[in-house]
Amino acid sequence: MDIQLSILNTSDKPIYRQLYDQIAFSIVVGKLRGGYCLPPIRSVASALGISVISIKRAWDDLEKDGFITTMVGRGCFVSDLTDEERRQRRNALALDELRESFASLKQLELTKDELISLIRENYPL
Amino acid sequence: MSAVIEARNLNKTFPSGFRLKDVSLSVKRGYITGFIGRNGAGKTTTFKLILGLSAPESGEVMLFDKRMPDHESECKQDIGVVFGAFGYYETKRLKTVTKAYKRFYTNWDDEKYAEYLKRFDLDEQKRVKELSAGMKVKYSLALALSHGAKLLILDEPTSGLDPVSRDEIMDMFRDFVSDGERSILFSTHITSDLDKCADHIVYIKDGEIVMSGDREEIMGSFLLVQGGLDALSGNRALSESLIGVKETPFGFSGLIRAEDAHIADGLQTAKADIESIMIYTEKYEHHES
């Protein structure tokens, strides 16, 4: 399957993080496989109407976190990850998402058990 | 809630072919109403009709519950108007311009005027042509505010101004309506100005009012959605409910009504702001094929 990228300007996440998440999510769930070649930065910039720097930042972060590998002169490729590596990264991403809501949940004085049972009753999967 | 401006079904056709179609607009007492639309959508024209500078072919305008143009000069005593940057009497000193201006207003307040000059850092000895764009706007505002206006009608008062000056003007706007009696109608296409102070929004497109109401409500009635192209082609209901959509080789982003949120289940969504509502409604307008 192909890469999916789109930007929402009103999102709380900065643009580079939106791009990072879209690619990283696709990789950890196995939609983007190892060896897949990312589109050139400038073509993404012009298609999405965003700055080159935002995309470069996303690609750099993805590389730093081991999601992609740059081969000079050939482009950026999705890294070959073992199932275990993908699982670890997936959990890390999920934790990032959860942490975002910790502050407000704490304000609501939710205990760990209460939160877990809320999730149990309501989480769609 | 009483209205200080009530325009009903204004129609006018211009030689260029441009037409205002059944424009109705109301400005509530004590609130700031932002008038938005693209260049050439009919904002200035609507203002001219409201102020009686141009006569509509049909429709009526009530100002302070009085019918225009029957009570025109009476109503205008209570209205401060700023049309773009101040461009008259380029070579005259501000002092001279003010002297000519204040004679038209029975409630002119010299003390207040001096206060605004100070607040806006305006030098009366300067000539109009020596003022920067921001200073011209501030000078127009000082004039408009010094005759005890209960209503300000401002055509793009912040265009050409730097962010700090714009923020100052917005502070002043909120200040002006804080007594709950005075009201403002201003047009702009700087949507961040609206976020800072507009209570109500009226949106004109090609000579027609397409949205009007509480700003928060308008923003809350839309939702931005994004996803891959397969999500778009595989979901007919979604495709049908898109008001505007931007498709790229890498995916899509679009605008839907908040009530259609269930159709976008499982897709990333974000709240819509006035800017994205305008852009998706105009630039990426979705035509169902």
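A residue is buried if 20 or more other C-beta atoms, placed from the backbone, lie within 10 Å of its own. By that count, buried residues make up 23% of the 125 residues in chain A. This is a predicted model, in which local features need pLDDT of at least 70, side-chain atom pairs count only at pLDDT 80 or more, and totals for chains, interfaces and linings use all residues. Residues are numbered from 1 along each chain as its sequence is written, and chains are lettered from A in the order in which they are written.

**Chain A overall**
- Chain A has 5 helices and 2 strands (DSSP runs: H or I, at least four residues, for helices; E, at least two, for strands).
- Their order along the sequence is α-α-α-β-β-α-α.
- The C-alpha atoms of chain A fill a box of roughly 50 × 35 × 25 Å along the principal axes.

**Helices α1 and α3**
- Helix α1(A), residues 15-28, packs against helix α3(A), residues 52-64, at an angle of about 45°, with the axes 8 Å apart.
- The contact (C-beta atoms placed from the backbone, within 7 Å) includes Leu19(A) and Ile23(A) of α1(A), and Ala58(A) and Leu62(A) of α3(A).
- By class, its residues are 9 nonpolar, 1 polar and 2 charged (Ala, Val, Leu, Ile, Met, Phe, Trp, Tyr, Cys and Pro are nonpolar; Asp, Glu, Lys and Arg charged; the others polar).

**Chain A with chain B**
- The contact takes 12 residues from chain A and 15 residues from chain B.
- Chain A's side has 7 nonpolar, 5 polar and no charged residues.

How values were computed: Axes are lines fitted to C-alpha atoms, for helices over the stretch in contact, and angles run from 0 to 180 degrees between N-to-C directions. Two residues are in contact if their C-beta atoms, placed from the backbone, lie within 7 Å. A residue is buried if 20 or more other C-beta atoms lie within 10 Å of its own, exposed if 12 or fewer, and partly exposed in between; C-beta atoms are placed from the backbone.
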